[in-house]
Amino acid sequence: MTSFPEAARIALGDSQLRHNLRNATTTIRDKRARVVAEVPDWEELRDAGRAIKADVMHRLGDYLLQFEASVQAAGGHVHWARDAAEANAVVAAVARAHGADEVVKVKSLTTDEIELNEALEATGVHAIETDFAELILQLDGDWSSHILVPAIHRNRSEIRDLFLRTIAIGRELSDEPRELAETARVYLREKFLNAKVGVSGANFGVAETGTVVVVESEGNGRMCTTLPPVLVTVLGIEKLVPTFADLEVFLQLLPRSSTGERMNPYTSLWTGVTDGDGPQEFHLVLLDNGRTRVLADEVGRQALHCIRCSACLNVCPVYSRTGGHAYGSVYPGPIGAILTPQLRGIENAKSLPYASSLCGACYEVCPVKIDIPKVLLHLRAQAEKTVAERTVMRALARVFGNARLYERSQRLARFAQRPARQMPGPLARWTQSRDLEPMAKETFREWWSRERGA
Amino acid sequence: MRIGLFVTCLGDTLFPEAPKATVTVLERLGHEVVFPQEQTCCGQLHLNSGYRDDALALAGRFARIFDGFDAVVSPSSSCVGAVRELSPEAAPRVFELSEFLVGKLGVEDVGAYFPHRVTYHPTCHSLRVARVGDAPLRLLRAVRGLELVELPEAEECCGFGGTFAVKNADTSTAMVSDKCRAVLSTGAEVCTAVDGSCLMQIGGFLSRQRTGVRTMHLAEILAS
């Protein structure tokens with residue numbers, strides 16, 4: 001995996017990307033702030049969200065078994081998948097059993113995480129993304145850069161050009177959002193009506209009732225989950241809530257935090273199968289893929305509380321400049337910086353815990369109060385350091401542990417310092433864009449001794 | 001009140017004017033200021049770099065050195081935040097200068113005169129870790145001759161973040177570049193804040209760009 005600083009450098013040089021990101025994140029950020037301010041008990045809602053999720057993590061085993069039984073009782077099939085390969089195999093087997101060479105998909109991070117589309121393609125099944133933004137990315141061979149607004153790095157004139165190359169060849173097309181949406185609608189309607197199998201992720205699973213919930217804006221998700229006769233849903237095991245009543249908390253927190261809406265346009269709930277209404281065969285895949293390992297870490301496990309609202313991305317000063325691709329994962333931004341290293345193992349995402357200035361804006365907006373800065377520090381403590389860095393930090397700990405040694409080091413640094421325009425070693429990365437004032441002729445403590453006589 | 005002055009290692013070494021000004025302000029208000037010579041670093045550098053054990057050892061050292069004062073005051077919200085995180089026993093007595101003046105002493109007018117156009121950058125750790133609120137703004141509004149202009153997108157990080165500025169130098173530069181654009185848009189002569197490290201980042205960029213705008217620690221304005 002390319003390190004974050006390297007990937008970020010490329011993104012930072014793309015002025016169109018910087019402009020698109022700035023516009024989009026600022027707009028959503030402001031909208032969120034407005035609608036959150038309307039809710040008098042917002043802080044209590046956040047506390048409730050955090051408490052419910054903490055309870056789910058403490059008793060996840062029990063809730064999962066309860067959920068499985070509820071889904072089965074309602075006529076659904078439940079599959080347990082330890083990793084991506086097992087989950088993908090289940091979906092492929094269902095498609096094959098129904099002779100489907102095409103499936104329609106709801107936008108889903110979980111299926112992106114396990115690279116379901118690629119796995120299906122390898123078995124001769126083409127997965128069609130039906131979320132407007134996901135469709136754009138799929139047509140362009142691109143990938144998501146934002147949890148909620150996957151094509152945030154694209155603007156409408158770029159999308160018009162793409163459609164003219166792919167699904168609207170030779171047609172008249174402006175960059176009016178309505179016209180672009182209509183083009184996608186015409187293309188997708190046919191796919192919805194012909195699909196034998198629909199595939200989705202889900203926002204919540206209710207242990208008590210076996211109900212699965214998908215929250216979305218476009219209605220394409222509802223078509224995927226209702227039109228095809230067979231539905232497969234891939235659900236990360238952390239997405240459970242204990243009771244139906246708990247949804248009350250999250251259905252307030254999620255839309256306001258994510259799109260800055262009071263209520264999301266479409267909330268689809270289904271429980272197993274219903275005679276004569278919607279899919280008559282329902283498969284649920286419960287995905288682990290590293291989650292139980294995260295659960296075992298007392299500090300890190302709060303990353304599993306995430307409800308994928310993306311508020312932390314929109315306020316993040318790092319994300320809003322680099323965009324999502326620099327994070328090298330379907331989970332970008334601050335939440336990605338703590339989730340990806342835990343899911344994949346920190347040795348496979350070493351630079352991510354450092355991709356933050358620790359400004360704390362993410363923690364402030366998180367609807368379930370995930371203390372992202374705290375988890376970042378926790379992960380930094382676990383990360384393997386270079387020998388050079390360890391040596392420097394150990395030496396500094398010794399210097400700071402002894403005031404006389406510290407004073408000698410101050411004098412040495414003042415003697416050895418170079419002109420402000422060029423620092424030595426890794427510190428040169430400071431002076432590449434910033435001046436550094438030369439050290440004062442007298443440290444504070446020297447001044448104090450001189451003025452006040454120690 | 002007998003106040004222990006915590007100057008921070010960066011303040012001691014790189015920008016001693018801020019702790020000197022802190023002494024001036026506190027003494028002007030009639031307090032006894034003591035500088036324990038044994039003090040070095042609070043442990044924040046090690047904490048933020050992933051060396052928690054070293055950080056805890058340094059924080060323990062800090063707590064011993066500053067034991068027995070009525071209050072410990074520092075011209076850095078970031079270091080105060082680190083002390084609160086690392087050393088629960090020292091935490092209740094440790095204050096950032098502006099929160100101490102406004103919150104503990106109930107003083108807003110410290111008798112300063114500074115006839116310049118000034119914009120205030122609320123640092124991340126002053127807002128979200130030490131939570132000093134609007135104390136710095138209250139103090140600035142009471143300074144005679146000072147024209148305070150609002151900074152656009154004020155609450156956005158300047159991109160310092162300790163080793164972040166070096167480990168992610170390009171992203172850090174993009175952040176400080178936007179911050180400085182906001183500073184310049186105010187037409188201010190001086191950008192002030194309660195953290196010397198953030199001012200080093202903003203000031204370093206303003207200087208490299210030859211903007212002619214300077215940074216000053218809040219304490220220096222209050223001492224003038």
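**Reading the sheet**

Mentor: Start with one pair of residues: A:K105 has A:E129, in β3(A), as its bridge partner. This is a predicted model, in which local features need pLDDT of at least 70, side-chain atom pairs count only at pLDDT 80 or more, and totals for chains, interfaces and linings use all residues. Residues are numbered from 1 along each chain as its sequence is written, with chains lettered from A and ligands numbered from 1 in the order in which they are written.

Trainee: How many bridges join β2 and β3 of chain A?

Mentor: In general, strands of a sheet pair through backbone hydrogen bonds, either parallel or antiparallel. Strands here are DSSP runs of E, at least two residues long, and helices are runs of H or I, at least four, numbered from the N terminus. Two strands pair if DSSP finds at least two bridges between them. Strand β2 (residues 102-105) of chain A and β3(A) have four bridges, in the parallel sense.

Trainee: In what order do the six strands of the open sheet in chain A lie?

Mentor: The order is β1-β10-β7-β4-β2-β3 (chain A), with parallel pairing. β1 (77-81) and β3 (126-129) of chain A are the edge strands, each pairing on one side only. Ignoring direction, neighbouring strands of this sheet are turned by 25° against each other on average.

Trainee: Which helix packs on this sheet?

Mentor: Helix α5 (residues 84-97) of chain A does, touching β1, β2, β4 (197-200), β7 (230-236) and β10 (281-287) of chain A. Touching means contact: C-beta atoms, placed from the backbone, within 7 Å. The direction of α5 makes about 170° with that of β10(A); axes are lines fitted to C-alpha atoms, for helices over the stretch in contact, and angles run from 0 to 180 degrees between N-to-C directions.

Trainee: Is β10(A) mostly covered or uncovered?

Mentor: Mostly covered, with six of its seven residues buried. A residue is buried if 20 or more other C-beta atoms lie within 10 Å of its own, exposed if 12 or fewer, and partly exposed in between, with C-beta atoms placed from the backbone. β10(A) pairs with β1(A) over five parallel bridges, where A:H77 stands opposite A:H283. β10(A) also pairs with β7(A), over seven parallel bridges, and there A:L235 faces A:L286.

**From helices to chains**

Trainee: At what angle do α19 and α20 of chain A cross?

Mentor: At roughly 115°, with the axes of α19 (residues 387-400) and α20 (residues 403-416) coming within 6 Å. A:R398, A:V399 and A:F400 of α19(A) make the contact with A:L405, A:Y406 and A:S409 of α20(A).

Trainee: How many residues of chain B are in contact with chain A?

Mentor: 49 residues of chain B contact 48 residues of chain A. On the chain B side, α10(B) gives the largest share, six residues.

Trainee: And why is chain B as compact as a globular protein of its length?

Mentor: Chain B has twelve helices and eight strands. Its radius of gyration, taken over C-alpha atoms, is 17 Å, close to the 17 Å of the globule rule for 224 residues, so chain B is as compact as a globular protein of that length. That rule is 2.2 Å times the number of residues to the power 0.38. Of the 224 residues of chain B, 62% count as buried.

Key: Two residues are in contact if their C-beta atoms, placed from the backbone, lie within 7 Å.
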